[in-house]
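The sequence and the structure come first, and the notes on individual topics follow.

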Amino acid sequence: MKSPFKTALPHHRPRSTVAAVVEERRKFLMVEERGATNSVFNQPAGHVEVDEDFEEAIIRETLEETSYPFTPDYIIGLYLYKSPHSGQTFQRLAFAGMVDESLNTRLDSSIIATHWLTLDEIFQLEQDDRLRSPLVTRCIHDYLSGEQYHLNLCKSLLEHSDFSPIGVE
């Protein structure tokens, strides 16, 4: 007999991504990226690389895309999103945190510019269909609603982590 799970669940692998929500003086750090037909706006975000934990990924991505060193304070949420354009599913872990002064390093090649935008400006971009995905405003909404989860919610068992199984030192 065929398993009902194999026929009910399509074969897909969500892409693991991270995003940073940074607010300073009532403005949010955003990046303007090259899109398929025009530029789109997103939080600093990107894919988790091989042998990289979530915190390492968001620190790296924020620096590469904005030139700002990022310090995560807490997790806002974990989100699943399926792009209607590509059909690809994304798993996004969103962090809230602070940035230090810009290091003025070269930005990732897909980034046009960084911006500090007000909520009204971000909502206008949403109306104009200029956001990368609905995840942008959902993460900001949850951030403003006070969603907070401790950073130790995410555990790393990568070789460079400090995890040691019980009884092994």
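A salt bridge is defined here as a side-chain nitrogen of Lys or Arg within 4 Å of a carboxyl oxygen of Asp or Glu. By that definition, the structure holds 7 salt bridges. The model is predicted, so to speak of local features requires a pLDDT of at least 70, side-chain atom pairs count only at pLDDT 80 or more, and totals for chains, interfaces and linings use all residues. Residues are numbered from 1 along each chain as its sequence is written, and side-chain values use heavy atoms, with hydrogens and water left out.

**Salt bridges**

- Glu 49 and Arg 60 form a salt bridge through their side chains, at 3.8 Å from N to O. This pair links distant parts of the chain, 11 residues apart: Glu 49 is in the loop between β5 (45–47) and α2 (54–66), and Arg 60 is in helix α2. Helices (H or I, at least four residues) and strands (E, at least two) are DSSP runs, numbered from the N terminus.
- Glu 49 is partly exposed, at 43% relative accessibility. Buried means under 20% relative accessible area, exposed means over 50%, and partly exposed lies in between (1.4 Å probe, protein chains only).
- Arg 60 also forms a salt bridge with Glu 61, at 3.0 Å from N to O, and both of these residues are buried.
- Within helix α4 (residues 135–144), Asp 142 and Arg 138 lie 4 residues apart, about one turn of the helix. Their salt bridge has its closest N and O atoms 3.1 Å apart.
- Asp 142 is buried, with a relative accessible area of 7%, whereas Arg 138 is partly exposed at 46%.
- Through shared partners, salt bridges join Glu 49, Glu 52, Arg 60, Glu 61 and Glu 64 into one network.

**The sheet and its helices**

- An open sheet of 4 strands has the order β5-β1-β7-β6, with mixed pairing; two strands pair if DSSP finds at least two bridges between them.
- β5 and β6 (70–82) are at the edges, each with a single partner strand, so one side of each has no neighbour in the sheet. From one strand to the next, the twist averages 20°.
- Strands β1 (residues 15–21) and β7 (residues 89–99) run parallel and are joined by 7 bridges. Val 18 has Leu 93 in β7 as its bridge partner.
- Helix α2 lies across β1, β5, β6 and β7, at about 65° to β1. Axes are lines fitted to C-alpha atoms, for helices over the stretch in contact, and angles run from 0 to 180 degrees between N-to-C directions.
- Helix α4 packs on the sheet and touches β1, β6 and β7, its direction making about 130° with that of β6; contact means heavy atoms within 4.5 Å.

**Backbone angles**

- Most residues other than glycine have a negative phi.
- Arg 25, however, has a positive phi near 50°. Arg 25 is in the loop between β2 (23–24) and β3, and is exposed, with a relative accessible area of 74%.
- Asp 129 likewise has a positive phi, of about 55°, although it is not a glycine. Asp 129 is found in the loop between α3 (119–127) and α4 and is exposed, at 64% relative accessibility.
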